Amino acid sequence: MDYNFTALEKKWQKRWGEKKIFEVKEEKKGKENFYCLEMFPYPSSSGLHIGHAFNYTIGDVYARFKKMQGFNVLHPMGYDSFGLPAENAAIKSHADPKEYTETAIKNFIKQQRLLGLSYDWTRVLMTHKPDYYKWDQFFFLKLFEKGLAYRKKSPVNWCPKCNTVLANEQVVNGKCWRHQDTDVEIRNLEQWFVKTTDYAEELLEMIEKLNWPEPIKMMQRNWIGRSEGAEVVFDIDGDKWPVFTTRPDTIFGVSFVVISLQHPRLMQLVSPDRKKEVEKFLKKMKSVKQEDLDKMEKEGVFIGRYAKNPMTNEKVPVYAGNFVVADYGSGMVMGVPAHDQRDFDFAVKYGLPMKAVIEPRDFEIYERNGQLPSAYEGDGELINSGEFTGMNNRKVIAEITKYLDKKKLGKVQVQFKMRDWLVSRQRYWGAPIPIVYCNDCGIVPVPEKDLPVLLPAKVEFGIGNPLETNEKFVNVKCPKCGMKARRETDTMDTFFDSSWYFLRFCDPQNSKKPFDFNRAMYWNPVDFYTGGAEHAVMHLMYARFFTKALRDLGFIEMDEPFTRLFNQGMIHGEDGFVMSKSRGNVVNPIDMIEKYGADALRLALVSFASPDKDTNWDENVLNGNFKFLRKLFSYFNAVKKFSKSDERMDSKINRAVKNVTDFIESMKYNYAIIEIRNLFNSFPDQTSRENLEKFLKLISPFCPHIAEEFWEKMGNKNFISVSSWPKADESRINEGFEMEEKIVERLAEDIKSVKNLISKREKPGAAYVYVIPNEKKVFEDNLDNLEKKTQIHVKIYSVSDKDKHDPLGKSKKAKPGKPAIYLE
């Protein structure tokens, strides 16, 4: 029979669906539960790409493995279906975002089914559906009630092409992440924020407990960015202005103060004669993202005011600068050019004085010229520092802070780089924010009984916020007083949708609550979560925050959402570059399935390299895996009867079971495939039924269709997908056999090498092998395997055999574990 993978795979995908074998119920008696989840995708109109197929295969192998190990496995799939691409399509081609999205989802599901993924399709969720975003709105109101959602005027990143606010993470080198030819502008708008900073300390502390890749944990630590210091009060024209510093030991060396360009009170502080200059400077800002601020040339503009140093009473100029973040500390920093290189460069640029307060190594140059060649950022004794002169600068930090606190001129302060989460978006295709504005009542939350606030179907796209074009949506009655009011027209950041979706999977049909507490806690936290490392400081951080907030609101009882995180590598094109249409190196997984089959593709995807490593696509690898499956198909198709297993085969089977189990558990899928291939290649023409069934079980998570086919042909009534994973009997693993196999393997490689050399002159017909006497039986027992590997007739001789064929005296070169070879 031919290996008709298309018919075979359709057959088993249909059978799985008909028998509902992957549909899961809570609390199966005697079964431990396991929650396996891949990050749900945005359903692009172009369908699955090879990275999707890779990610889903990684998760599916593990879910199938855990199911066969006896776990009650939840393995769901959903779609992060709100977002800008659908809205852009509406603008460009007048497509309806809802139709556009749902057509894309249908295509996605069809393609995912072709991969043979073991999802519980009864739990599918889509974030653009009202029965999902109703609960987004519900949670927003709960955060608002607790004071964790608030509104303020804030400088924001604005993309003129998207006509929307961008989160800091969506600004790349001062450009929009979607339109990299478009400069981001800074605008001051009333925005909705979520107080992620209230959980900054806990988010940081609990990183240590996470079973996550260390680079992700490091990125989260850096993003949170905890720093200890002091908040020092500077007097500016009679007003008290707090200034945060991590270096109170350098306060005597302050020669200027810098206020953030994004500070909400900046223009109140600017003197009338400097307003035009400051406004002109403001227009140069291209991003409020910290990374971009760090890369910019440090520039500023004098605002016409002076600040009084509380320790010296000296007045120093106040500048507005592009390198100070409004939400970090108080939005003001003190400039100490003698001991900070950034401040040094700024002082040189604007001709500001410098005063050393920590004795620099090149003190003589400073004493002679009154200026340093560069900032001295090292430690040492304080100079020019009043009563603190002569003390070590590190030891004096606490003393100076205590002095400031006693004089009510400052206090100890902990600050975080992480800022509150901006959730407002001026776009249509997102969950409406459930807020109404009333002239008399102010900000009024929509009553829970009126949720969901539905997206209106009729809006105009093109300029500004589409929701503002639907008067019926905008103009409503105040829920409190019944008078005329205006609905909020911003929608929520789509990261809001994805911050709790893993909880909804536990109870997706619940119309009365976002999820049942007991069901959520039966499954959560997620045991295994896989997806790209690019989500380190967006989705993963927000999901962690959301989990803690929902815990404190009483919805769940857990601290973290994902117990184990796995980041898959990236598959580049065959040319080594990132896949893109412009390069012409995109690989469509559906094309590969049509050509080679889903099992071959799944096998290839986890054979290229370790799943967490980047690799290049190579269709030759896929073709090689297809040939392997065709060979496997032929072998099992030819099985008519079984024979007894022997000790050697028992040892191989049990070793393979042990190793494959360990390799899958540790995500070394590529090693598991090598082990499975080696086991198959060692099979004789006939072996025991038990051995063949164990082999099929081992390959089943990787190639479920072909495994099901031959499991059934061997007379089994149930599905291999729900059968029991084999257990290794380590007492039957013979280390001696293992050593022998390695010797035989080396001999096979040596014969092939000699054969290749001779083949250039003539085609050899036989290989004569000379071994020391006590090793002869080892090689004779492996003769069939040796001939199979070398594709040549092999004759084994002991070096002491008198009738051996040895015309060139090669037998004299034989050593223990290293036979001599002669080919003719």
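Tutor: Leaving aside its neighbours within four places in sequence, Asn55 touches Glu38, Met39, Thr530, Gly531 and Gln568, where contact means heavy atoms within 4.5 Å. This is a predicted model, in which local features need pLDDT of at least 70, side-chain atom pairs count only at pLDDT 80 or more, and totals for chains, interfaces and linings use all residues. Residues are numbered from 1 along each chain as its sequence is written, and side-chain values use heavy atoms, with hydrogens and water left out.

Student: Why is Asn55 called buried?

Tutor: Asn55 has a relative accessible area of 6%, and buried means under 20% (exposed is over 50%, partly exposed in between, with a 1.4 Å probe and protein chains only), so Asn55 is buried.

Student: What span is expected for helix H21, and what does H21 reach?

Tutor: Helices are DSSP runs of H or I with at least four residues, strands runs of E with at least two, numbered from the N terminus. The expected span is 1.5 Å times one less than the number of residues; for H21 (residues 619-637), with 19 residues, that is 27 Å, and H21 reaches 27 Å from its first C-alpha to its last.

Student: What makes S19 and S20 paired strands?

Tutor: Two strands pair if DSSP finds at least two bridges between them, and four bridges join S19 (residues 435-438) to S20 (residues 442-445), so these antiparallel strands are paired. The partner of Val436 in S20 is Val444, and a hairpin through three residues joins S19 to S20.
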